[in-house]
Structures are given as C-alpha cells and as structure tokens.
Protein chains: 2
Amino acid sequence: MRWAVLLAGGSGTRFWPLSTPETPKQLLPLSGAGSTAEESIERLAGLVPRERVIVVAGASLATRLRSLLNLPAENFLIEPRPASTGPALIWATWEARRRDPDAEVLSLHADWVVGDAAAFRRTADHALAAARTHDRLVTVGVVPSRPETGYGYIVPGAPLDQGVRTVARFSEKPDAATALDLMAAGALWNSGLFAWTAERLLAEASRHTPEVSAALPALEAGDVADFFLGVTPISIDVGLLERSGAVAVVSGAFAWDDVGTWQALARVRPKDPNGNVVVGPAVVLDSHDCIVWSERDPIVVSGVQDLVVVQANGRILIMPTERAAAMKQLLDALPPAVRDIE
Amino acid sequence: MRWAVLLAGGSGTRFWPLSTPETPKQLLPLSGAGSTAEESIERLAGLVPRERVIVVAGASLATRLRSLLNLPAENFLIEPRPASTGPALIWATWEARRRDPDAEVLSLHADWVVGDAAAFRRTADHALAAARTHDRLVTVGVVPSRPETGYGYIVPGAPLDQGVRTVARFSEKPDAATALDLMAAGALWNSGLFAWTAERLLAEASRHTPEVSAALPALEAGDVADFFLGVTPISIDVGLLERSGAVAVVSGAFAWDDVGTWQALARVRPKDPNGNVVVGPAVVLDSHDCIVWSERDPIVVSGVQDLVVVQANGRILIMPTERAAAMKQLLDALPPAVRDIE
C-alpha cells in the first residue's frame, strides 16, 4: 500500500518574528487559509489516505502537530533529537514496512506551497509507480523558474521509461553562474519529493548509509532513543541518494515553492496592482513590491518600495526584501531579549 | 507684573500615531523626559512664577492639562471652540489685565523645544522690557538655521534701541527661493514668542482687530461662550501684528524648534553615530538617518535609510522622512478605522 512521510521538523527562523521555535514555518498559514502542514496532507487526498500518513518531527512540535493534524496517534514519530532527513526518513520507512511489508513510501516536506494539487498528485502517482516498476529510489525534479542558488539540482541521465530518467548527478546549492548553466543544461530542482518501496530504500540504506543503518537494530529492539543515539546526522540526499546507483528522476509539472524567505511570499500570495503582498490589517499607499504582514496592529506604509514589514508576536521587523535571505545573520545580531519570542 | 500665556491647543495630527486628539504634540515627551507643555512652564522659572502662567486650550485637553500642569485652577482658560490665536491671546491678555491692570504679558506656545533655557529667558526678559520701554508689541525673531518654508519670517526695520528694531514687514510661509532671499536679507523666523503690556495689546486690538474686539463686551459681561460666538477666527499675526504700526522685533539667541514633524525629532533628539534617532525598545542595524519610535513592541530595523518607523497607540507607521511634512494628506488617505485612535 501507499504511505506518505511528512517531514514536519524545522526550527522556524526564516519567518521571524512570525515564526518561532514553537510555531515554525510549516505551522503558519503562509499561502492562505491553513498551515502548509495541513495543506500538505489535504493535497494527498485520493493518493494516500490519512491513516497512512506518518509525520516526523521534534518533541517541541509534537503537541501542536497532534492537535493540528487529524491523524492516528501512532502516526506521529517524535525525534528525540534533530538528526537531519536521513535518520528521519529511514526510520519512517522502516516503520511503514513494519506495519505493511509491501509499503510504497512518498516522502514530502510540511512547508511546501504547491500551485496545482491535481498535477502534484499525478506526479506523485507517477513517481510511486516508477519506484515499483524500476525498483529505484525516485526523485521528483521541478523545472526551475529562476537560477535559485538556495536549492539542489538534479541533472537527468538516460531515459528509463516515459518521463523517467536515471540521475547523472546531483548539484547542491550552486553559485549563481553554475545555477544558470544547470538551468540551460536542463537540470531540475530537487524538490525533496521522493518515492520508493520500503524494501528498496532499506536495502540501499544498508549498503550505502552506515551512519544510519548501523543503528537499525535499536529500532528492531523497539528503542527509538537508542537508535537516535546511534545515528550520525546526515541528509537523505548526501547519505543515500548521491551514493546509490539505484536512483531515478521524474519531472514535476506543478508550481512548487518551499517559501524559504519572507520574499518568497511574493511568489505564493496574491499581489495588489503595485506588487505588494498585504496580509492582515494594513494600508499600503504609494508603495510597491513590499511584503506587509500584520498579526494585530494596523500598519500604515506610505511611499516606500521593496520592504518587508512584519508585526507578529510582539515584535516589528522592517528590512529590504533583499535581506530576507539573510535572516540568520540578522537574528544573530539581535540581543536575545529581542530575538527570543516567549 | 509679568504674566505668561501658554497656548496649549493644537489638534495633534503631525505626530500620528503617537499624537492623538487627546494627546497632541504638546503633551508628548518629544525632546526627552517631560512633555513640551511642562517644559515650557519650567523654562519660565525665575521670569514668570507659576501663579501668573495662564494656559489657553480647548475643552478636549482641559482635564489632561489640569492634571499635568501644576497651576492654579483659575489659570486654565478653556476655549468653547477653536478660533485661532487672535481671540485666544486677546482673551488671555484681557484676563491678565482684569487681575493686574499693569500686566506685562509674554505669549508662547506649549509645543516648543528650546536648546538653551537661560538664553531663552534673557531674550524674553529683553522683549518684556522693550515692550514696556517702547510701548510696542514685541516679536522675538530667531536667526534662521535653514530656509524653512513652513515658518513665518520677520524683516527687521530701523533700530529703536540696543537689539530692538521696528518691523519692516512680515512674510508668512515663503516658497523655497523666497526663504533663501529672506535669510540672505537678514530676516528672522517669527517664533511666536511675543511680549506686550496688556494695555497696549488691548488698545491695538481695539483699533485693528474688529474681528475680536467687537466681542469684548461679552467678556466684560462674564460670558466666554458669547465672546467666542461673537469672534471671527483669526491669527494674532494676521489680525493684529501685521496691521499695527506699533510693533518691534528683538533677536532671540537660542536654539528653537517647534518640532513640527517626525523629521524634526532629528534636530532635537540625540542621534546614534549613523544619524538615527531611536526612542523606546528598538534595534537599528546597518541603517542611517532613521527616526524609530516604539511605545511598546521592540522594533528591528535592518538595512534601510531615511525612514520614519513608529509604533504607538496600536498603530504602526512606516514612511520616508521626507513625507513627514505631509502627514495631513497621509491621514486623509486612511480609512477612519485605522486613522482614528480610540
């Protein structure tokens, strides 16, 4: 049967002061009505039923996620410590196989905004079918719309089937010139949407990912804490996909955004005629290309451009949109009493 | 004896959202610890005692002013309706003469920031003495530090005495080119600081200001409401000083600012090394020439310049400093629910 693993961790600094450690990006209604975590599960309707959606997250988010997401209690896998996506996905896949030896697994992240849910499901269905047919770990590549330097790229190789190709190589976070070259060469964004059979994933991990597979006996013994003590944090990309020869790529024909920065809201939210994204009580006059988000107090913005203005959680942030990518440096420069939101 | 009349009216739109109809500019601690109204009275220490300071304001401010300013109850003259400075000053001068037939009156505004209180007192003392000696209405002119188009100018005429000259003419709110010409010609800013004997002021008003003097019998009859019904709103400058030949000007040797806009805070408040004025909990990074005022929430400003950022009374305002002079137009563009502060 088909299973989905939703990676719902994430520390929530990119959308400060709206995001906090207790309410990171994936719990925020960035694209509209619901949180991206809720929307991610709703998007699977007809493809994977809720009782087969497994959520992986840290303990700090467990209570919030359980109350937010209408899923069986045993489907929440709570990491005792952060260890990147490798241990999380290998654990969740192992858990799916424990419940269903024939499990096919779709892996996705809880913080995506997707433009066309039906196209997303068609692609995911295609990836799951290809994972079974070709017995490979299948990545979904999204056609790039800009030479983004913050993403990983997949360079497709030889055709395996209709719309399915081998992977020639991966290229993680290239510089701007390389990103342009990759786009020109037909490389795809590595969306983080993956499909595999549990059987193949665990077999490949045993061969290629000793950082995690060496600790699997702890899981067999039912000791999650011991498993996490035994693993070395490593991403699924570095720890397995880039090492295994048994990978493939299918192309995703849907608008996809991981909404990585305040500036990204301009891609996933409706804009006024002057290119401003305005959320909450705000009046924007004679201004263009601003992101204005108010959680409570009316914000009046007059005569400015390319600014991010946010009021949330008792803090106010004003910066040029171009600085949105450097939130970590900004937060590092703040005194803890201002940075840390209770 | 010497009396002072403090004009404490004013509608409080220039410092929105910090200023409100109930807490206009003169009740705000714009320059530092106390409100400019309090500071205006303290600045008179040694020149005019508190029991001879008369405050004129509208009913909406009466309660706040009475509790803020430690003055005798009978010294608060409450205008039943706004009627500009002509009726206010003629009424207050009439009241001073009723209590003290020999009254000398110093007229000042409650929203000034003055750099050097001792120099201010020396100038006021000089103006009061000149008003008695020359039996004229004495204006105080401040040497301009910039070609300000928002002020009135006084062009001095012939010398009357040490530091006392006649007035050749007044020039109200000149355009920028005219303001430069006026500065070059030695014109002075009309500060609004005036000195006169009550006797001379009331005699001149009887001759030149029928818009107000025709209603004086109502005051004689003890009916303030009737007096205000009978006057035509007119400023003391237009209604009397520009019409009377019995005027003079003395030069003020003190830094004076009416703090007319958010931008003006940069002239009266200490700045950080990058020219930012920061009041309240705020962190200003990689930014210059900003005015940041927070009443409550920490504001983080990063990578911007020449911005006014204010959080006050449940509103947040962001605009370029150059827009500070056009607050009225900005407020006119706001929906009442955002503009009107409860």
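The structure is a predicted model.

Within chain A, the assignment separates two parts: domain 1 covers residues 2-257, and domain 2 covers residues 262-339. Their C-alpha centres lie 30 Å apart. Where these two domains of chain A touch, domain 1 supplies eleven residues and domain 2 supplies 16 residues. On the domain 1 side of this contact, six residues are nonpolar, three are polar and two are charged.

The second contact to consider is the one between the chains. Here 25 residues of chain B are in contact with 25 residues of chain A, a pair of residues being counted when their C-beta atoms, placed from the backbone, lie within 7 Å. On the chain B side, the elements that contribute two or more residues are the strands β13 (282-285), β15 (299-302), β16 (307-312) and β17 (315-320) of chain B. Of these, β17(B) gives the most, with six residues. Sorted by class, the side of chain B that touches chain A holds 18 nonpolar, four polar and three charged residues.

The two chains are also linked by strand pairing. Strand β17 of chain A, residues 315-320, is joined to β15(B) by three bridges, and the two strands run parallel. Within this pairing, Leu317(A) has Val300(B), a residue of β15(B), as its bridge partner.

Note on methods: Residues numbered from 1 in each chain as written. Chains lettered and ligands numbered in written order. Predicted model: local features only at pLDDT ≥ 70, side-chain atom pairs only at ≥ 80, totals over all residues. Helix = DSSP H or I, 4+ residues; strand = E, 2+ residues; numbered from the N terminus. Nonpolar A, V, L, I, M, F, W, Y, C, P; charged D, E, K, R; others polar. Pairing = 2+ DSSP bridges. Domains from an automatic or database assignment.
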